[in-house]
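Please look over the sequence and the model below before reading on.

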Amino acid sequence: MSDVDKIIICFKEIGFKPVVKKFEHRIIMQKLAYLLQRRGVELGFEFSPYVRGPYSPQLARQIFDNREKFEKLQTSATLLPNEEQIVEQCKETFELKASMLEIAATYVYFAVEKGENELDAVRHLKQLKPFFSEAQFAVGISKAKQFLPLATDADREAL
C-alpha cells in the first residue's frame with residue numbers, strides 16, 4: 001500500500017513544492033520517490049524501467065488524484081528518525097534538477113535492481129540516454145553513489 005502523505009512530507013522536508021502540470025516536476029517527483037524508497041523510506045510504490053528511468057504508474061495516479069495536496073504540501077504525516085536522516089541526506093546530496101535525478105535514479109536501477117557491475121550500469125545508462133553530456137553523467141552517477149552506496153563485487157561475493 002502506497003503512502004501519499006509520507007512522500008508529501010518528504011517533498012516538504014526537501015524543500016520541493018511541485019507543480020503537477022509541469023513535466024519536469026513530475027520527473028523530479030518520480031525520481032525522488034524512487035531514490036528515497038531505495039534508501040529505506042517506506043513509501044510502498046512499485047517502480048519499473050521506463051523511458052525516463054524508474055517510474056511508478058501508481059505514484060503517477062496518486063499525483064494526479066491528489067494534485068492539490070501535493071501542490072500545497074498538505075499532510076499530517078511525520079517521518080521516523082531514520083527516515084528524517086535519509087530525507088536530509090537526499091536534500092544535501094541532490095539539486096532538484098530533473099536531469100541529475102534521472103541519471104542518478106536510472107544508474108541505481110541498473111546497479112541495484114538489475115545487479116549490474118558499475119561498468120555495465122554506466123554503459124547501459126549511456127546507451128539509453130545519449131542526449132546527456134559526460135559531465136551530467138559524472139555528476140549524476142557520483143551523487144547516486146554518494147546517496148546510496150552500492151555493494152561492490154567483493155561485497156556480493158562475501159554475501
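The points below are grouped by topic.

This is a predicted model, in which local features need pLDDT of at least 70, side-chain atom pairs count only at pLDDT 80 or more, and totals for chains, interfaces and linings use all residues. Residues are numbered from 1 along each chain as its sequence is written, and side-chain values use heavy atoms, with hydrogens and water left out.

**Helix α5**

- Helices are DSSP runs (H or I, at least four residues), numbered from the N terminus.
- Helix α5 covers residues 81-93, and its end C-alpha atoms are 18 Å apart, in agreement with the 18 Å that its 13 residues should span at 1.5 Å a residue; the expected span is 1.5 Å times one less than the number of residues.
- E83, I86, V87, C90 and T93 of α5 are buried (buried is under 20% relative accessible area, exposed over 50%, partly exposed in between, with a 1.4 Å probe and protein chains only).
- These residues cover an arc of only 130° around the axis, which puts them on the same side of α5; the arc is that of the directions from the helix axis to the C-beta atoms.
- P81, Q85 and E92 are exposed on the other side of α5.
- The packing partners of the buried α5 residues are α1 (4-14), α2 (23-39) and α8 (134-147), where contact means heavy atoms within 4.5 Å.

**Helix α7**

- Within α7 (residues 118-128), the residues A121, V122 and L125 are buried.
- Their arc around the axis is only 95°, which puts them on the same side of α7.
- L119 and Q127 are exposed on the face turned away from the buried side of α7.
- The cover over the buried residues of α7 includes α6 (98-113) and α8.

**Largest pocket**

- A pocket is an open set of points on a 1 Å grid over the protein atoms alone, where a 1.4 Å probe fits, with protein on both sides within 12 Å along at least five of seven lines; lining residues have an atom within 4 Å of a point.
- The largest pocket has a volume of about 190 Å³, the volume being the space filled by probe spheres set on the points, which are joined across faces, edges and corners.
- Its lining residues include F23, R26, Y50, R52 and F64.
- Helix α2 gives the most to this lining, with 5 residues.
- By class, the lining of the largest pocket has 7 nonpolar (Ala, Val, Leu, Ile, Met, Phe, Trp, Tyr, Cys and Pro), 1 polar (the others, Gly among them) and 3 charged (Asp, Glu, Lys and Arg) residues.

**Residue E113**

- E113 lies in helix α6 and is partly exposed, with a relative accessible area of 38%.
- Leaving aside residues up to four places away in sequence, E113 touches Y34, R38 and V108.
- E113 and R38 are 75 residues apart in sequence and 9.5 Å apart in space, C-alpha to C-alpha.

Notes:
Helix = DSSP H or I, 4+ residues; strand = E, 2+ residues; numbered from the N terminus.
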